[in-house]
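Subject: Structure handover

Hello,

Here is the structure I promised you. Please open it first, then read my notes below.

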Amino acid sequence: MPSLANPTRFLDLAGRLIPWLAVLTAILFGIGLYLAFFVAPPDYQQGETVRIMFVHVPAAWLAMSGYALIAVASLGTLIWRHPLADVAAKAAAPIGATFALIALVTGSLWGKPMWGTYWVWDARLTSMLVLFLLYLGLIALWQAIEEPGRAGRAAAILGLVGAINIPIIKFSVDWWNTLHQPASIVRVGAPTIDPSMLGALAVMALAFTLLFVLLHLIAMRAEILRRRVRAMQRTQVEHAALAET
Amino acid sequence: MPDLGPHAIFIFAAYGVAFAAVAALAFAIVADDRKQRRLLADLESRGIRRRSAVTGRAGEPARGPRP
């Protein structure tokens with residue numbers, strides 16, 4: 001792990017991992033979609049609409065995990081001053097925002113036939129919307145401050161403050177009366193979901209996780225290179241100014 | 001594919017939105033990565049080096065406080 005603190009070594013490792021991850025992710029999505037549409041049975045209550053679960057639930061998990069990653073990276077920026085921490089946080093924000101958006105939209109499309117409405121202001125849905133807005137806030141903050149070090153520290157504070165929303169999302173279905181169903185997989189005791197659906201969900205969740213890791217590695221590489229390009233352009237300008245004097 | 005019943009439109013819309021969002025995100029990230037690599041290669045081809053790369057000792061990877 002300590003060697004990964006060196007951006008050059010990180011770039012080497014990312015370059016080796018990315019092609020393998022891309023292939024593995026594609027294979028897992030192929031298997032997952034086959035299981036989701038051809039193997040998993042319709043639900044006894046929700047019928048065929050339960051197939052939305054195979055994209056909705058992994059997207060929601062990854063949206064929350066992405067923010068947890070940002071919170072840990074924020075600690076890395078503020079406490080340990082790890083050179084890749086703010087790169088990891090910045091790269092994760094658009095990916096997490098996209099997964100949060102997917103969770104919101106697919107949940108809405110699942111809610112309409114099951115609940116009779118696309119949206120209700122209940123605790124789970126609202127806290128998920130807050131997560132999406134937090135992601136947008138982080139992206140806006142990164143865009144607003146030009147100097148990466150300052151932007152990283154400001155975003156790290158927002159990232160840590162916003163982390164309080166993660167347990168609120170998780171336990172919202174227990175703490176308040178919500179239209180959203182309670183936890184059926186990550187809960188005390190065995191999952192309440194039938195094994196015939198659990199297998200497909202597990203494969204799709206793994207595929208989504210690998211997709212997140214893959215996109216995160218590419219985005220981190222792009223961010224490291226962006227900073228190198230900026231440093232080199234600054235050097236170029238300084239040399240040009242020296243040559244003139 | 002099984003018959004998805006009267007709610008098929010909601011199922012297809014959910015998967016369609018997810019696919020479109022992921023495709024747009026992946027396209028943006030890969031395009032940014034390619035752009036930065038192209039810019040870096042262009043600067044290096046003109047003989048411009050990072051300060052940390054210039055000051056690094058021979059045979060050792062350059063070390064800088066920031067990436």
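A definition to start: two residues are in contact if their C-beta atoms, placed from the backbone, lie within 7 Å. This is a predicted model, in which local features need pLDDT of at least 70, side-chain atom pairs count only at pLDDT 80 or more, and totals for chains, interfaces and linings use all residues. Residues are numbered from 1 along each chain as its sequence is written, while chains are lettered from A and ligands numbered from 1 in the order in which they are written.

**Where the chains meet**

Chain A puts 44 residues into the contact, and chain B puts in 34. On the chain B side, the largest share is 20 residues from helix α1 (residues 8–45). Helices (H or I, at least four residues) and strands (E, at least two) are DSSP runs, numbered from the N terminus. That side of chain B holds 24 nonpolar, 3 polar and 7 charged residues. Here Ala, Val, Leu, Ile, Met, Phe, Trp, Tyr, Cys and Pro count as nonpolar, Asp, Glu, Lys and Arg as charged, and the others, Gly among them, as polar.

**Chain B itself**

Chain B has 2 helices and 0 strands. Of its 67 residues, 16% are buried. Buried means 20 or more other C-beta atoms within 10 Å of the residue's own; exposed means 12 or fewer, and partly exposed is in between, with C-beta atoms placed from the backbone.

**Helix packing**

α7(A) and α1(B) pack at about 30°, with axes 9 Å apart. Axes are lines fitted to C-alpha atoms, for helices over the stretch in contact, and angles run from 0 to 180 degrees between N-to-C directions. The two helices are therefore roughly parallel (under 35 degrees; over 145 is roughly antiparallel, 65 to 115 roughly perpendicular, the rest oblique). Residues in this contact include A:Leu215 and A:Arg221 of α7(A), and B:Ile29 and B:Asp33 of α1(B). The contact divides into 16 nonpolar, 1 polar and 6 charged residues.

Within chain A, helix α1 (residues 7–39) packs on helix α7 (residues 195–244) at about 155°, with axes 7 Å apart. This pair is therefore roughly antiparallel. Its contact has 27 nonpolar, 3 polar and 1 charged residues.

Most residues other than glycine have a negative phi. A:Arg81 is not a glycine, yet has a positive phi of about 50°. A:Arg81 sits in the loop between α2 (53–80) and α3 (85–115) of chain A. A:Arg81 is partly exposed, with 14 other C-beta atoms within 10 Å.

Best wishes
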